[in-house]
Amino acid sequence: MLEKRNTSKRLKQPVDPLALLKPLNVFNLCLLSEPEEGGHSTLYSLITMLTSTNLLSRIIKKKRHKKPKTKTRNKRQETKEDPIEQDELEEDTEGFNLKTSAPSNTYGVQPLGNLYFNRGSINSRNTGLGNLQILTDELVLDILGFLDGTQLGVLATVSKSFYVFTNHEPLWRNLVLDKLNGEFLFNGSWKSTYIAGIYPLFDVNGCSSLKVRDFYSDYLFQSWLCASLEMKPEWLERDNIVRKKGISVEEFVMNFEEPNKPVLLERCIDNWAALQKWDKDYLVSVCGDVKFAAGPVEMRLQEYFRYSDQVREERPLYLFDPKFAEKIPVLGSEYEVPLYFREDLFSVLGNERPDYRWVIIGPAGSGSSFHIDPNSTSAWNAVIKGSKKWILFPPDVVPPGVYPSPDGAEVACPVSIMEWFMNFYGATRNLKRRPIECICKAGEVIFVPNGWWHLVINLEESIAITQNYVSRRNLLNVLDFLKRPNAGELVSGTRDRVNLHDKFENAIESTFPGTIDQLVQKAEEEKAQEKKLSFWDSVTDSHAGAFKFSF
């Protein structure tokens, strides 16, 4: 039923379970070794479950009624390029360069376009899925996400197609992060990491994978491609941000913070001890067994660096910890807030303030897809080691390929940063208002104004510190944001989301009496000034070709 018409019928007959496993990867043998009743009947039960009309209808119904995901992969476009066998991929593919460290596609998956140039070839993806071939690759993987490691290992024995799907690394990544909860040693792949963690006596070294011929899938291929590509030179060329060195606080406020414009500041953190000290060895020695937030888990730095040194995946885990200075006070003492950002009104809340500072560590390719910083705050980001590519759009320009919900609570965008570059970066060339772009290097600080969309990708292994803050220039924006009707969904970094507005407003009034009223009055005067026409504007109609005075 799944690969051939008589497959399910054959599985009903008594067979030697080991006979089923002879052609299989040794990883799957290990996964099948977990004692359970029923022997190979578990395989038939699992197949029956997956092909059950009730299960499929439940999953499809859930898919239809589920809220939009924050990240969704865009539909793949078929290519008309000449067919390329996976084993013959050259470094340059459609103008893209593969990383020198990029492995070949482990299971021989090819882009769907190649199928149309291989006459007589049949996509083993479809034959191996049987009746499930009508489902999209993404939905197949969503279904497989309900299974545990043993069930995936069993299903991998059914057909070549299921073998490829069940070995999709993100499935095993989710299992590792869910089952091992940060207590793991990365072992080159998520699947081998899972096996080593669940079956510590099993030697996963030297295990090889099967190559599957004639398997075509844009979804699976692009996942590998995004993890293997170098950044194209044209993606790095544009550098149109304003750069400043040695400016005064007054100049920064007048030219950048007040008008809400980004700027890259040079030589303003030269006195940081972190610039000289913070490398892998130092951080590991200082932090010891303390764990830091990396994605959905917490990891020791030593284990995280082991992972980041080996990983080659589309969306690497990003270490992003808001409590680093509390966990390791010496780290908090080895940097100081640049003088341009020292007015931080959220500090009036003391320990009740939302999360506001993070240490950020990640390998090349890690980063943050398009987002707006939380709670309508502004931010600064200082690179200590490495370099980062930044792309920023003003608040009223939604980046191509990004689809925020009307209330701003959710954002749909490509699965990975590299996918956005591949599919949407070219569109920015034709925009009337192009994004601001730059590469921020070690020792440099970028100012990100409130409300600006921004994407960041690490061009190399990087260490950075970032802080979000509230000054008088964006205080009213923050207060308006915190009192929105759906503040319970929008506000982040604190447990008391609903009452944060009242607490903050009261604390400001108590600490800085009259400040809010002064800012409101100033904003109303500026708004009135913008609407008021000057005498010369009132007598000049430039659109109608009227006269203009010049002296």
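Rings of Phe, Tyr and Trp (its six-membered ring) form an aromatic pair if their centres lie within 6.5 Å; planes under 30 degrees apart count as stacked, over 60 as edge-to-face and the rest as tilted.

This is a predicted model, in which local features need pLDDT of at least 70, side-chain atom pairs count only at pLDDT 80 or more, and totals for chains, interfaces and linings use all residues. Residues are numbered from 1 along each chain as its sequence is written, and side-chain values use heavy atoms, with hydrogens and water left out.

**View A. The aromatic pair of F252 and F447.** The whole structure holds 30 aromatic pairs. Because F252 belongs to helix α14 (residues 249–257) and F447 to strand β15 (residues 444–448), the pair ties together parts 195 residues apart in sequence. Helices (H or I, at least four residues) and strands (E, at least two) are DSSP runs, numbered from the N terminus.

**View B. The loop residue N375.** N375 is a residue other than glycine with a positive phi, near 60°. The loop between β9 (367–371) and β10 (378–385) contains N375. With a relative accessibility of 3%, N375 is buried.

**View C. The loop residue D214.** Phi is also positive, near 60°, in D214, a residue other than glycine. D214 lies in the loop between α11 (190–198) and α12 (218–228). Its relative accessibility of 26% makes D214 partly exposed.

Key: Buried < 20%, exposed > 50% of the residue type's maximum accessible area, 1.4 Å probe, protein only.
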